[in-house]
Amino acid sequence: MKATVVKHTGSHYLLSKLPEWNLFPAVIKGKMRLEDLESTNPIAVGDMVEYEEADSGREGDTGNSADGRMCIIKEVMPRKNCIIRKSTNLSRQNHVIAANLDRVFLTVTLADPQVKLQFIDRFLVTCEAYGVPVTILLNKADIYLQEGEAVGSKKISEQERKNIKVQAENFKNIYCGAGYEVLEVSAITGLNMSVLEEECKNRVVLFSGQSGVGKSSLINRMDPNLDLKTAEISAAHLQGKHTTTFYQMHPLATGGFVIDTPGIRGFGLVNFKKEELSNYFPEMLRVENNCRFAPCTHTHEPGCAVKVAVEKGEISAERYYSYLAMLEEDTKYRAPED
Ligand SMILES: Nc1nc2c(ncn2[C@@H]2O[C@H](COP(=O)(O)OP(=O)(O)OP(=O)(O)O)[C@@H](O)[C@H]2O)c(=O)[nH]1
Ligand SMILES: [Mg+2]
Ligand SMILES: [Zn+2]
């Protein structure tokens, strides 16, 4: 029998046979836990698993595990895709954030907290490398779109608001230019929430990003009955407080299944080959056929079409610098035997 993992806490899992929402508990077979040492969690939310009932074969057994009996996960089915990271560049173990996703909503904010472009670019590279379609949600747009007093947020000066608005325009230019969809949203005013709801319908989607960007708030806005825990960001550090602590899928009343996740602290890239990296920058992939050398790292090579595109402003300098930083870090951190 097969079902989807909808929640993971420690060694316990909750399963459901999607699109049915009928949860039942399960645990892993001891042996399975040892098989995949590469990853801290061999089974992630979104995984399709083969399971059996712990006490199946009894008389009167209905074969229906949704009545609360514990099931045992025997096998994880091959994944369509997943989002996977290293907690730090030095760590050897990987962490699978979620699997089998129709789309990921990378949630970011330009203020409260200010998310770094490098973080965003690493996340996007992972989406490209693992084949997960991604939309960037630029949340808390109320902070810079609302003239006068910002709604639902701390007071900021008109000048500050204008500065963030300029940053937002710049941000959209960079990422739309790279080929990504950027949707400005607000969990407070409801801006573009109907578009987001539409994008979630009949799909399994993931909300991911740093702590405090409003992932749980956006999900609550789409379905207030879910009543997910949220918390103000810390006034002292202007960072989120890591309010969501579990990986969990929720059914939306408007249709679809959303996975809410804890905020990510560090996003280390899982190993990739140096000459592969630019394939995960869609705007570089578009022009690199014109580079004189193949493969080309787009650093020192003469006749590099990527560098020409950066000079002409067709590829954003910010994205190119992120690319260079990732290449350099890779060299710096990778052990010789890797
Ligand atoms: N102004 C404004 N504040 C928002 C918006 N969305 C969320 N917030 C606030 O941001 C804070 C953090 O929201 P959460 O939903 O807890 O953030 P999260 O991304 O789930 O955080 P973690 O669970 O810690 O990863 C809360 O105080 C929310 O009220 C928004 O669109 N505009
Ligand atoms: Mg949360
Ligand atoms: Zn090149």
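Visitor: Hi! Is Ser 217 buried or exposed?
Guide: Ser 217 counts as buried because 20 C-beta neighbours lie inside 10 Å. A residue is buried with 20 or more other C-beta atoms within 10 Å of its own, exposed with 12 or fewer and partly exposed in between, with C-beta atoms placed from the backbone.

Visitor: What kind of model is it, and how is it numbered?
Guide: This is a predicted model, where local features need pLDDT of at least 70, side-chain atom pairs count only at pLDDT 80 or more, and totals for chains, interfaces and linings use all residues. Residues are numbered from 1 along each chain as its sequence is written, while chains are lettered from A and ligands numbered from 1 in the order in which they are written.

Visitor: What's the mean pLDDT?
Guide: The protein chain averages 89, and 88% of its residues reach 70 or more; pLDDT is the predictor's confidence in each residue, from 0 to 100.

Visitor: Where does pLDDT stay under 50?
Guide: That happens over residues 57-65, for which the model has 4 contacts beyond four places in sequence. Two residues are in contact if their C-beta atoms, placed from the backbone, lie within 7 Å.

Visitor: Back to Ser 217: which element is it in, and what is it in contact with?
Guide: Ser 217 sits in helix α6. Leaving aside neighbours within four places in sequence, Ser 217 is in contact with Ala 187 and Thr 230. Helices (H or I, at least four residues) and strands (E, at least two) are DSSP runs, numbered from the N terminus.

Visitor: Which residues come nearest to ligand 1?
Guide: Of the 27 residues around ligand 1, these are Gly 214, Ser 217, Thr 230, Thr 244 and Gly 263. Being near takes a C-beta atom, placed from the backbone, within 6 Å of the molecule.

Visitor: Which elements give two or more residues to that shell?
Guide: Those are α3 (142-145) and α6 (215-222). Helix α6 gives the most, with 3 residues.

Visitor: New topic: why is β11 described as largely enclosed?
Guide: 5 of the 5 residues of strand β11 (residues 204-208) are buried, so β11 is largely enclosed by the rest of the structure. Val 204, Leu 206 and Ser 208 point one way, and Val 205 and Phe 207 the other way.

Visitor: Which strands does it pair with?
Guide: Strand β8 (residues 103-108) pairs with β11 in the parallel sense over 4 bridges, and 4 bridges join β11 to strand β13 (residues 257-260), also running parallel. Pairing requires at least two DSSP bridges between two strands. Val 205 stands opposite Arg 103, and the bridge partner of Val 205 in β13 is Val 258.
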